[in-house]
Amino acid sequence: MKPNHVTLVSALDACKNKAALEKGRQIHAAIVSEGYGGQSVVGNALINMYAKCGSLDSARNVFMGMPRRDVISWNAVISACTLNGHREEALDFFDRMHGEGFKPDEVTFVCALDACASLAAIEKGIEVHAAIVESGYEDHMIVATSLVKMYGKCGKLDDARSVFNRMPKRNKISWSAMMSACNQNACPKEALNLFTEMQHNRIEQDQVAFVCALDACAILADLEQGHKIHAAIVREGYEDHVVVGNALVNMYGKCRSLEDARNVFQRMPYRDVISWNAIIAVCSQNVQSRLALDLYDQMRREGFKPGAVTFVCALEACASLVDLEKGQEIHGAIVHGGCDGEIIVGTALINMYGKCGILEDARNVFNRMVCRDVVSWSAMIAACVLNNDAKKALDLFNQMQCNGFMPDQFTFACALDACASLAALEKGQEIHAATIKAQCEGQVVVATALVNMYGKCGSLEDARNVFDHMPHRNLVCWNAIIAACARNGHGIEAIELFKHMQCCGFKPDGATFLSLLAACSHSGTVDEARHFFKSMTEHHGLTQNVEHYLCLIDILGRAGHLKDAEDFINDMPYEKETRVWLSLLWHCQIHGDMERGIRAARHALNSDPRNATAYVLLSNIYAEAGTREA
DNA sequence: AGAGCCCCAA
């Protein structure tokens with residue numbers, strides 16, 4: 001029996017749902033030989049089938065060859081493009097359709113808005129919005145929901161809000177879209193308010209609404225609220241939903257509760273690649289990078305195929321562990337898995353090689369990237385700064401702008417770091433001017449980098465001026481201004497800022513105390529230094545690292561408290577590094593304490609028998625002792 | 001035809 005066009009269309013539909021491209025092509029051949037190719041229903045079904053099977057070329061060819069097209073054909077080709085990542089082309093078809101006199105319907109508008117949203121193409125989005133108003137689709141619930149999403153993705157929260165508020169009818173999807181727009185635009189509190197409002201309005205809260213609420217808690221790092229929403233999820237029975245589980249893992253990680261995150265992950269009945277990515281990311285974000293890499297191995301053993309995001313998370317862990325070997329192994333897996341073309345993967349590789357000190361490999365990855373963005377340029381600039389090639393960093397900063405990329409806050413911060421390490425005040429001032437022009441100077445990362453740059457260039461007044469004008473401050477920028485004061489010999493000012501910072505509710509960390517100790521070292525108040533050192537463990541729940549010890553040893557040494565310094569070294573809870581003994585040796589030489597100096601030298605040479613500095617300092621001590629005796 | 005989870009540069 002000869003198949004009619006109805007059976008052919010439903011056969012194509014089946015292929016579409018199963019992504020069965022070969023079978024689809026056979027049916028296409030049958031359609032041509034039976035002479036059904038001219039019917040628009042058949043053509044539309046072919047376009048949809050090819051699109052879902054990932055063959056955009058065939059979908060486009062069918063569309064081009066159609067003798068008659070209807071609105072549905074245009075919708076099909078537009079969504080075929082979006083589905084296969086060709087969003088600009090989708091918008092081109094949208095324009096051509098209009099030019100050929102077809103009236104877009106609600107489906108067309110939704111597809112076009114989706115393309116605008118993923119491209120963050122706000123001008124085009126506004127144009128589509130105007131066309132929607134003109135065609136009277138503004139009150140259509142699905143179209144309006146798409147508008148909310150588009151404005152949210154384009155960073156226009158106000159517009160998303162006003163579309164949402166004017167909607168005559170909303171459902172749970174509209175509410176979730178609005179919550180998501182809030183999360184994407186730094187208004188997580190508003191998202192949580194919407195979540196409560198949904199309950200008051202008796203709108204059903206499904207897994208997506210819960211995921212949006214969890215996302216808001218993650219951004220706020222609000223563990224208490226997160227626990228409450230977790231409880232509600234259990235109550236409503238959404239606990240076993242994979243996406244909800246993934247969002248829970250992420251939320252607990254961002255709230256710094258690795259315990260909770262691991263518990264959720266362990267109990268998940270189903271896991272997908274994203275679940276693994278989430279737990280790997282959470283471990284490396286919570287200074288458990290080794291564990292992150294173990295999970296990466298475990299994931300592969302369990303048969304999951306790592307994707308671009310997996311590689312990015314694993315490379316981040318290698319970078320913070322400075323584990324070059326593992327990083328290279330993962331680089332191999334990336335090439336093998338065909339992910340080396342992805343921009344985020346390339347950027348993560350640059351970062352990893354940079355942190356591991358192999359600038360040349362970072363450069364190779366950068367040079368081979370087919371496609372670059374501001375982030376990859378910035379990563380390369382940062383890698384140069386880190387590896388003491390600040391000049392190259394500034395070259396790249398210029399080159400990137402010649403290539404048409406506008407620096408953002410992070411790029412500016414990297415370039416300013418380069419100036420700081422070169423103590424290049426003039427270049428720093430030039431970049432400062434550029435940040436003002438780009439309206440970036442108030443952003444925390446930029447202002448912090450400015451404070452740091454001026455501090456290192458010896459211009460404390462400018463550093464203070466930038467700091468005083470910052471609209472928002474975080475711990476890092478407080479540390480930067482305290483370090484700038486300490487570095488420039490303004491110890492008292494540093495300590496005053498430290499007190500002020502605590503009054504503003506900031507808890508000091510290890511870096512704060514390092515600067516404070518440096519400040520004491522300049523003003524020479526030994527007792528204050530001892531006090532700060534002790535208070536780290538006694539009042540602030542911190543542990544001292546070698547740098548803190550070195551700083552205090554230096555202060556004791558300068559003040560001539562050599563016995564204290566030596567006792568202090570002997571009491572150190574870790575293995576004594578050579579430089580600790582060298583510091584003592586140096587001060588012994590200055591103060592002419594021959595006996596202690598020889599002891600320090602013996603320790604230094606014990607841990608590093610070929611250390612030239614130790615020999616030089618020791619011979620200085622002998623020489624001075626000789627002079628004194630003579 | 002609409003909403004959601006993991007992700008690169010300080």
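Before looking at any helices, I noted that axes are lines fitted to C-alpha atoms, for helices over the stretch in contact, with angles running from 0 to 180 degrees between N-to-C directions. Helices are DSSP runs (H or I, at least four residues), numbered from the N terminus.

**Setting up.** I am reading a predicted model, where local features need pLDDT of at least 70, side-chain atom pairs count only at pLDDT 80 or more, and totals for chains, interfaces and linings use all residues. Residues are numbered from 1 along each chain as its sequence is written, and side-chain values use heavy atoms, without hydrogens and water.

**Entry 1: two helices.** I looked up H31 (residues 510-523) and H33 (residues 546-558), whose axes come within 10 Å and cross at roughly 10°. The pair is therefore roughly parallel (angles under 35 degrees count as such). Among the residues in contact (heavy atoms within 4.5 Å), I found Phe513, Leu514 and Leu517 of H31 and Cys551, Ile555 and Arg558 of H33. This contact divides into seven nonpolar, three polar and three charged residues (Ala, Val, Leu, Ile, Met, Phe, Trp, Tyr, Cys and Pro are nonpolar, Asp, Glu, Lys and Arg charged, the others, Gly among them, polar).

**Entry 2: the DNA.** How many residues surround DNA strand B? I found 48, with Lys149, Asn246, Asn250, Asn277 and Val445 the closest (near means a heavy atom within 4 Å). Helix H9 (residues 141-153) gives the largest share of this surface, six residues.

Notes. Chains are lettered from A and ligands numbered from 1 in the order in which they are written. Angles under 35 degrees count as roughly parallel, over 145 as roughly antiparallel, 65 to 115 as roughly perpendicular and the rest as oblique.
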